[in-house]
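Here is a short briefing to read alongside the model. Take a look at the sequence and the structure first, then follow the notes below.

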Amino acid sequence: MIALPLEVVAEIVGGRVEGDGAGVVVDGPVVIDGREAGPGSLFVAFVGERTDGHEHVPQAAEQGAVAVLGTRATGLPTVVVDDAQDALQRLAAHVVAHVRAAGGLTVFALTGSQGKTSTKDLLAAVLGQAGPTVATHGSFNNELGMPLTALRVEPATRYLVLEMGARGIGHLTELTDLVRPDVSLVLNVGTAHVGEFGSRDAIAQAKGELVEALDETGTAVLNADDERVAAMASRTRGRVVTFGTAEDVDVRLEGLELDRLGRPRFTLGGAPVTLQLVGAHQALNAAAAAAAAQVVGVPLADAARTLSAVTGLSKWRMELHELPSGVVLLNDSYNANPESVRAALDALASLGGVRRRIAVLGEMRELGADSEAAHRSVGEYAAERVDELLVVGRAAAAVHAGGGGTLVDDNEAAVAWLRAHLRGGDAVLVKASRGARLDEVAAALA
């Protein structure tokens, strides 16, 4: 973060300094986990249902924190406020505005029902070759994650990449009111969180808030292959850049092929790309990243070279492991919705030279009234593409009902089944919503 005296932090957030804050300067990372503090850190203490952050101030101090932002005095100089989350957001808005006013900072915001984190990682890699870049860690994309990312901006930062998730209409407006984007990228409108929104049209309404946040100098980057996203062109005051497979898009994806391990080869505006990531869906994510980077002058040829060099994404997202046993493991266990599961199954099906393709699938959460039908449909889709289907947990029983295979009660049983049945030459995909914790299954195999 930019260096700020603690008294100035208090002025920005409308708080008061308790303790001896004279001469204290915050010039390290802003954190909400005391274990992540470092020299010069500001530790933000939240009071939750199960834990009180103020009790972890000593741990933060041991790690180098020099001050606290919280709702009561602590053993460190503390900026006391009524609402720590509001104060954190106000501080982030100030820091971004300050660096932006000094010139040179461009803010990218991206959203979509699936592919957000992978695309964010790809875009950050491309922009990182053009200048100092700060991007969301993992999928830390909510009302806490977004300001914590923004607060990592320093005076030299040229690009800030913010992944933004929405849980309802108005949520993205709240986030973009804090940090206004210069470039808004919308990937797709699927069924993730449809249980919270009620319909895909409502999801489209919410996602479109990202382009409505642009002023006349901004740019909306839209997926022309998704009709609900393409329709958002009418909702922005900024200019529109499109990407996709149609002939009339600004950044066109052509000639898509997959190698033996399901890694895409294609061209973007004629520039060749050979991804080291698994899954045909990654090609469109790469096109989105290239289109967004082109807005700030990154040539497609340069973007293509960087995209071809990316070897990994955020944790547990289409991680490819070739195990000593000869088994190929695709760990995509971080999250799941019907569209992302189908894309992962397609990636598994595209692998060449394998003996059997085995899908380990668990529950997809937040699907509302359509949950059972969505799970059954995914099972049916899997049955057409894999040799063995292993369904984990009774909450995912509809996947088994649709696709057959084997249903086990929990992760321990899944690991036992896999250890008994996997052989060299097999390829196995692990995929479910985060709450199912199928990362434990992947870890046991790896």
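**A briefing on the predicted model**

Val66 counts as partly exposed because its relative accessibility is 26% (buried means under 20% relative accessible area, exposed over 50%, and partly exposed in between, with a 1.4 Å probe and protein chains only). This is a predicted model, in which local features need pLDDT of at least 70 and side-chain atom pairs count only at pLDDT 80 or more, while totals for chains, interfaces and linings use all residues. Residues are numbered from 1 along each chain as its sequence is written, and side-chain values use heavy atoms, with hydrogens and water left out.

**Around Val66**

- Val66 sits in the loop between helix 2 (57-62) and strand 6 (67-70); helices (H or I, at least four residues) and strands (E, at least two) are DSSP runs, numbered from the N terminus.
- Beyond its neighbours within four places in sequence, Val66 is in contact (heavy atoms within 4.5 Å) with Val24, Val25, Val26, Gly40, Ser41, Leu76 and Pro77.
- Val26 is 40 residues from Val66 in sequence, yet their C-alpha atoms are 7.0 Å apart in space.

- An open sheet of 5 strands has the order 2-7-6-5-4, with mixed pairing; two strands pair if DSSP finds at least two bridges between them.
- At its edges are strand 2 (16-18) and strand 4 (30-31), each pairing on one side only.
- Strand 4 runs parallel to strand 5 (residues 42-44), and 2 bridges join them.
- Val31 stands opposite Phe43 in strand 5.

**Helix 13**

- Helix 13 (residues 338-350) has 13 residues, which at 1.5 Å a residue should span 18 Å, and its end C-alpha atoms are 18 Å apart, which agrees; the expected span is 1.5 Å times one less than the number of residues.
- Its buried residues include Val341, Leu345 and Leu348.
- The buried residues of helix 13 pack against helix 11 (281-294), strand 18 (328-332), strand 19 (357-361), helix 14 (371-383) and strand 22 (427-431).
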